Amino acid sequence: MTRYLPLLLLPLTLFAQGKEDPRFPAYRIIGNIYYVGESDITSYLITTPKGNILINPGFARTVPIIRQGIAKLGFRFEDIKIVLNGQAHEDHVGGAAEIKEATGAQIVVSEGDTAVMEGGGKGDFHFEGRMSWKPVKVDRQVKEGDTVELGGVTLVAHITPGHTKGCTTWTMIVADGGRKYNVVFVGGTSINPGVILTNEPKYPAIAADYAKTWKILHALPCDVFLGAHGVYYGMIAKYERLKNGDKPNPFIDPAGYKRFVAESEKEYLDQLAAERK
């Protein structure tokens, strides 16, 4: 059974300082979904006949890794037409401006994360002054249930706030081996160190927003579980199994998704209870 690290122990400051080895092989996950990210900071390429979609452009330092991974897989970096993200934090959007400049891709972001994206981190309720990146102009804002379509691929935006005010979980259906699978790209669920659920002055609705997020995530049908960090879904172990030819595809993991959401919600409820004592 895949084991997942407690979400509150995710080494965000370690990633921000760039101390982990970011290199990781690019590979096909399932169908037309490919992995082109770092060892934990994820980036996904979704290919279509009309150009490609990138989910999570990573740090600025991640852009060469994405570029090299796309080339290794036989695709063109310049064919990125749309860039999506799950959360407006530097480790997931710091490379957006460079990718847009190099490819002309459309940047699509939730309404709640737009101002922070365009401000290069300014306006973030928790990390302003500690996390920043090159500002990038948002071309389209999405709300709950909005779709992004390209070349026969449709992604649906599910606004799952709390981790950021506009944190977004994306879903799609992928065809592989004559079957169709529901894919969920979780935007982010952890409560960052120092965040107070019952008294966060720059985000007074945070507890209520997290509560909405759990309802949405519990309701999503999921066969293939992916997310903003590889540790969410045990990526490295699953990659090794995939490389070894394990069947069925190890990324098909509905039970792992349910467990992840339940554990994430429990951490939230535990912190909420502790604060209210």
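Begin by selecting Gly58, which, apart from neighbours within four places in sequence, is in contact (heavy atoms within 4.5 Å) with Ile41, Ser43, Glu90, Asp91, His92, Val93, Gly94 and Gly95. The model is predicted: local features need pLDDT of at least 70 and side-chain atom pairs count only at pLDDT 80 or more, whereas totals for chains, interfaces and linings use all residues. Residues are numbered from 1 along each chain as its sequence is written, and side-chain values use heavy atoms, with hydrogens and water left out.

Gly58 lies in the loop between strand 4 and helix 2. Helices (H or I, at least four residues) and strands (E, at least two) are DSSP runs, numbered from the N terminus. At 0% relative accessibility, Gly58 counts as buried; buried means under 20% relative accessible area, exposed over 50% and partly exposed in between, with a 1.4 Å probe and protein chains only.

Next, select helix 2 (residues 63-72), where Val63, Ile65, Ile66, Gly69 and Ile70 are buried. These residues lie on the same side of helix 2 because they cover an arc of only 160 degrees around the axis, the arc being that of the directions from the helix axis to the C-beta atoms. The face turned away from that buried side carries the exposed residues Gln68 and Lys72. Strand 3 (44-48), strand 4, strand 5 and helix 4 are among the elements that cover the buried residues of helix 2. Just after helix 2, Gly74 takes a positive phi of about 95 degrees.

Asn52 has Ile80 in strand 5 as its bridge partner.

Of its 54 residues, Ile33, Leu155, Phe185 and Leu226 touch the most other members. A second, separate core of 26 residues includes Ala26, Ala96, Ala105 and Met131.

Technical notes. Core = buried A, V, L, I, M, F, W, Y, C linked by side-chain atoms within 4.5 Å. Pairing = 2+ DSSP bridges.
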